[in-house]
Amino acid sequence: MKSAFTTAAILAALQAPALAQDEPYLDDRSSPETLLQSLYNAVNRKEYARAYDYFATPPAASLDAYQEGYADTDHVALVTGTASSEGAAGSIVYSLPVAIRARAGDGGERVFAGCYTLRLSNPQIQGTPYAPLHIEKAEMKPATGELHDVLPASCGDGTPDETDTVLADAKALFSTLYGRDCPQAPDRDASDQVQSYTIPFNYSHESLDTPKHEARLFRFYCGSGAYNENHAYILANEEGGLTPLQFATPETSVQYENGDSDGKVEDIRIVGYTVDDMLVNSTYDADTLTLTSYNKWRGVGDAFSAGTWIFREGTFTLVRYDVDASYDGEKDPVTVLDYHTGP
């Protein structure tokens, strides 16, 4: 039997030097890709015993010798390709294309590319002690160029599978967080239930020629009423780590003439801020990297609130908010917050 996993995961493109512990802890053996991410996460955090233990056959004569091999390594950036797998005597053997860039403490860099071989014994027939997915061997050679350019197209003889593991993980997280609160419409197309977007970007401290990072945004349908539709969002970072998004939203106070909500609006002001985990009638614009919402206060849409959140520094920031509080049949919003419009 042959099967395969696939994901393209980029671990922390080279940035300004940081303390080892600044990189969030990651220990995930659920797939070949996440295990390699965990391996170099351990190396970057200087947790060499953890890295050493991911190998079934020790990669060095001793832990001290393994650690010494990284004595001059400040940071390792990783790219993985599409893994293939084959069944072998009660086990699954994975072959994973890998490219890494190792940065030394003096700023020097070396690039390596090749294949990792990993094995998982059938969990259903294992006893104790249990043996999780582990690395059997690595065949890496020096290379020159960008990581994506030197990454091998394939490794092993297994048939690649285009399963989107990050999307699958996002769906599972959405079900856990919102399963009870977000009714799904059985008559809606599956692509309408969840939409996926890829966001290439750079941090502001990086140079113009820095290779772009890549985040993924998932929009989940979360029920609708007569004229509004709700969406929840989950953001995946380069390591495949998932974050349910929350959106800063102004709390506004509206003053009507004679206190009559059907009358003239005298004043709209921000009195505070809240955080929402859903947006209403929202869309994502890949050209401007913005999320927008349009919350109708009644069906005709003449009274509403609308927000704009822009993607920068790896997340979404509120940059504009408009309110039309008059029920007069016209769309004439007042901008109560604007960090988005140029002078």
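This is a predicted model: local features need pLDDT of at least 70, side-chain atom pairs count only at pLDDT 80 or more; totals for chains, interfaces and linings use all residues.
User: Let's take salt bridges. What counts as one?

Analyst: The general idea: side chains of opposite charge can pair when their charged atoms come close. The rule here asks for a side-chain nitrogen of Lys or Arg within 4 Å of a carboxyl oxygen of Asp or Glu. That gives 12 salt bridges in this model.

User: Which residues does Arg-320 pair with?

Analyst: Arg-320 makes a salt bridge with Asp-322, with the closest N and O atoms 3.0 Å apart. Arg-320 also meets Asp-338 in a salt bridge, at 3.8 Å from N to O. Asp-338 sits in strand β19 (residues 334-338) and Arg-320 in strand β18 (residues 315-324), so this pair ties together parts that are 18 residues apart in sequence. Helices (H or I, at least four residues) and strands (E, at least two) are DSSP runs, numbered from the N terminus.

User: What about the pair of Glu-109 and Arg-101?

Analyst: Their closest N and O atoms are 3.5 Å apart, and they form a salt bridge. Arg-101 is buried at 12%, while Glu-109 is partly exposed at 46%.

User: Now the aromatics. How many pairs are there, and what makes a pair?

Analyst: Rings of Phe, Tyr and Trp (its six-membered ring) pair if their centres lie within 6.5 Å; planes under 30 degrees apart count as stacked, over 60 as edge-to-face, and the rest as tilted. Searching the whole structure turns up 15 aromatic pairs. One of them is Phe-174 with Tyr-178: the ring centres are 5.5 Å apart and the planes are at 35 degrees, so the pair is tilted.

User: Where do Phe-174 and Tyr-178 lie?

Analyst: Both are in helix α5 (residues 165-178), four residues apart, which is about one turn of the helix. Phe-174 is buried at 8%, and Tyr-178 is buried at 6%. Compare Phe-201 and Tyr-203: their ring centres are 5.2 Å apart with planes at 80 degrees, so that pair is edge-to-face. Phe-201 is buried at 8%.

User: Which aromatic cluster does Phe-201 belong to?

Analyst: It's one made of Tyr-197, Phe-201, Tyr-203, Tyr-284, Phe-311 and Phe-316.

User: And the surface? Which residues gather in a patch of negative charge?

Analyst: Glu-257, Asp-260, Asp-262 and Glu-266 do. Patches use residues with over 30% relative accessible area and no salt bridge, joining like charges within 9 Å and nonpolar side chains (Val, Leu, Ile, Met, Phe, Trp, Tyr) within 5 Å. Asp-262 is in the loop between β12 (247-256) and β13 (265-276), and at 60% it counts as exposed.

User: What stands out in the backbone, starting with phi at Asn-258?

Analyst: Asn-258 has a positive phi near 60 degrees although it is a residue other than glycine. Asn-258 lies in the loop between β12 and β13 and is exposed at 76%. Lys-46 also has a positive phi, of about 65 degrees, and is not a glycine. You'll find Lys-46 in the loop between α1 (32-44) and α2 (48-53), partly exposed at 35%.

User: Where is the cis peptide bond?

Analyst: It joins Thr-128 and Pro-129, with omega about 0 degrees. Pro-129 is in the loop between β6 and β7 (134-143). As for Leu-120, that residue is in strand β6 (residues 109-121) and is buried at 18%. Leu-120 and Pro-132 are 12 residues apart in sequence, with their C-alpha atoms 6.3 Å apart in space.

How values were computed:
Residues are numbered from 1 along each chain as its sequence is written. Side-chain values use heavy atoms; hydrogens and water are left out. Accessible areas come from the Shrake-Rupley method with a 1.4 Å probe; for residues, only the protein chains shown count as cover. Lys and Arg count as positive and Asp and Glu as negative; His and the chain ends are not counted. The place of a charge is taken as NZ of Lys, CZ of Arg, CG of Asp or CD of Glu. Buried means under 20% relative accessible area, exposed over 50%, partly exposed in between (1.4 Å probe, protein chains only).
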